[in-house]
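Welcome! Here is a short briefing on charged side chains that pair up. Please take a look at the sequence and the structure first.

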Amino acid sequence: MKRPFKSGVSYVLFTLILAIYFSLVVNIPIYADLYAIFNNIDAVKIGFVLSIPIFFGATLNFLFNLFSWPVIAKPFFIILLILSSIVSYAGYNYGTLFDYNMITNIVETDSGEAGSYLSSYSVLWVVLMGIIPALIVFMIPIGIKQSPAKMLSMKLVSMALSLVVIAVIAALYYQDYSSVGRNNRYLKKAIIPTQFVYSTTDYIWKTFLSVPLEYRQIGLDAKQTDSTLAASKKKPTLMVLVVGETARSQNYELNGYPRDTNEYTRDLGIISFKNVSSCGTATAVSVPCMFSSMTKNEFNRDVADNQDNLLDILKRANIALLWKENDGGDKNVAARIDKVTIERSNKNEFCDGTTCYDMALLDNLEQDIDSLEGNRMIILHIMGSHGPTYYKRYPAEMTKFKPDCPRSDIENCSIEEIVNTYDNTILYTDYVVSNVISKLEKLEDKYNTSLIYISDHGESLGENGMFLHGMPYSFAPDYQTKVPLMVWMSEGFKETRNINRECIKKEADNNQYSHDNIFHSILGVMEVETSDYKNSLDIFSSCKGQNS
């Protein structure tokens with residue numbers, strides 16, 4: 001193959017070409033967003049619109065010159081091109097923004113989950129936008145016959161000219177940039193590669209280079225009430241906590257959705273809470289947060305990873321615990337309790353070698369329950385509605401809503417097909433939950449049983465051109481932050497806790513709740529006393545002592 005630019009290019013020209021390529025090609029996601037924004041504005045200055053790619057090019061040219069040096073230039077920009085093409089694909093097709101929380105979520109994603117994003121379309125995108133340009137960069141001779149002094153002087157001139165261009169654009173259109181930026185603050189997080197490089201650097205610094213926090217124990221005074229301990233000798237308490245994945249409240253029949261997505265649980269006496277907000281828009285934030293004593297406004301993942309959570313306090317109070325995992329990881333929440341991870345071997349009837357239907361979690365559930373002692377709780381971390389491969393979350397015989405979208409590149413399916421596929425996942429989760437309740441009903445002679453189901457975050461299904469989840473919370477639509485919360489209690493459980501079901505149903509229909517309530521509600525309903533418990537955040541506290 002004949003080398004392009006056989007005679008070589010200067011570092012300044014190399015940097016300028018890359019800046020132009022990034023500003024015009026790699027950043028097409030932000031242009032798609034701007035197109036939608038400008039369509040909703042009465043009048044837009046043509047000069048302002050034309051200045052945007054020039055502004056991006058000048059800014060990137062200035063920044064890229066800081067990294068365009070002998071030895072480091074080629075490897076740096078080769079990696080940057082490939083990673084940026086992946087970011088561009090996700091941003092354009094799903095509306096994904098790569099802030100710190102999204103980087104954390106990506107790092108903690110297992111190989112099976114990551115593989116669900118692969119498709120011929122995504123591979124083609126990355127090859128054309130990232131890998132081929134990276135190969136060209138690898139082949140081009142850079143800086144040949146150029147002295148260090150000349151290279152440095154040319155760099156300084158190029159960077160100075162970039163600043164002049166930026167200043168001129170700011171002088172002409174500052175008000176326009178300011179107005180669009182203030183009204184659409186997420187746009188700065190969509191610029192490639194500045195945002196994802198900053199977020200990745202921040203993640204690496206906080207995770208690997210900063211001094212780790214000292215571990216802090218809380219709830220050291222935790223204990224079960226005397227009455228609970230006495231009652232457990234006759235008939236122990238058994239709670240199953242189902243932690244959902246990517247289920248949004250808006251698609252729940254029990255919350256007013258017109259489709260039969262809760263046909264398996266709607267007649268089981270389950271209570272659905274209509275207005276519940278998540279702590280985050282990705283599992284890496286929401287799961288640690290819902291088990292933490294910190295509220296959403298206080299939450300810090302670094303602190304949460306180095307501090308006791310709900311499970312640690314329950315364990316300290318001698319509640320027997322078991323975490324069963326089918327969603328790629330517990331996000332450090334179950335680090336100090338017993339945990340079982342579902343093997344994805346195709347020897348299991350619910351698994352295909354790479355993923356498992358959530359019914360796999362119910363295998364040996366009765367034995368798991370009986371293996372524990374005293375009052376006990378089992379946590380089922382389900383795959384739920386995790387996309388984009390929604391069709392892999394339910395077996396073919398449970399495809400109720402058709403036509404569905406049996407592919408991972410959901411951007412090539414119609415919105416109707418995507419919604420149908422997603423609703424099938426909600427229905428299958430409902431089926432799994434109903435099977436858990438059925439098992440609990442059969443165990444009522446041995447245990448006082450209950451079940452709580454709550455999702456970690458919601459999902460966008462094409463509304464405003466947005467798909468999947470993970471948007472920064474302040475910009476995220478309700479579809480990503482409103483989650484289902486369902487509660488089922490046996491008669492024995494309600495009697496021992498003196499809880500009035502109708503009271504809870506009234507609260508569920510009329511009040512607003514969030515992940516902030518989970519920590520305190522479970523401590524309260526499991527009757528664990530600790531100074532870290534807050535009655536005001538306990539969903540069930542106002543309905544205790546009201547049984548007729």
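Is Asp202 buried or exposed? Asp202 is buried, with a relative accessible area of 18%; buried means under 20%, exposed over 50%, and partly exposed in between, using a 1.4 Å probe and protein chains only. This is a predicted model, where local features need pLDDT of at least 70 and side-chain atom pairs count only at pLDDT 80 or more, while totals for chains, interfaces and linings use all residues. Residues are numbered from 1 along each chain as its sequence is written, and side-chain values use heavy atoms, leaving out hydrogens and water.

**Salt bridges overall**
- The structure holds 22 salt bridges, each a side-chain nitrogen of Lys or Arg within 4 Å of a carboxyl oxygen of Asp or Glu.

- Asp202 forms a salt bridge with Lys206 (3.5 Å, N to O).
- Both residues lie in helix 9 (residues 194-209), four residues apart, about one turn of the helix; helices are DSSP runs of H or I with at least four residues, strands are E runs with at least two, and numbering starts from the N terminus.
- Lys206 is partly exposed, at 36% relative accessible area.

- Arg259 and Asp423 meet through their side chains in a salt bridge (2.7 Å, N to O).
- Arg259 lies in the loop between strand 2 (237-244) and strand 3 (271-273) and Asp423 in helix 15 (residues 415-442), so the pair ties together parts that are 164 residues apart in sequence.
- Asp423 is buried, with a relative accessible area of 0%, whereas Arg259 is partly exposed at 25%.
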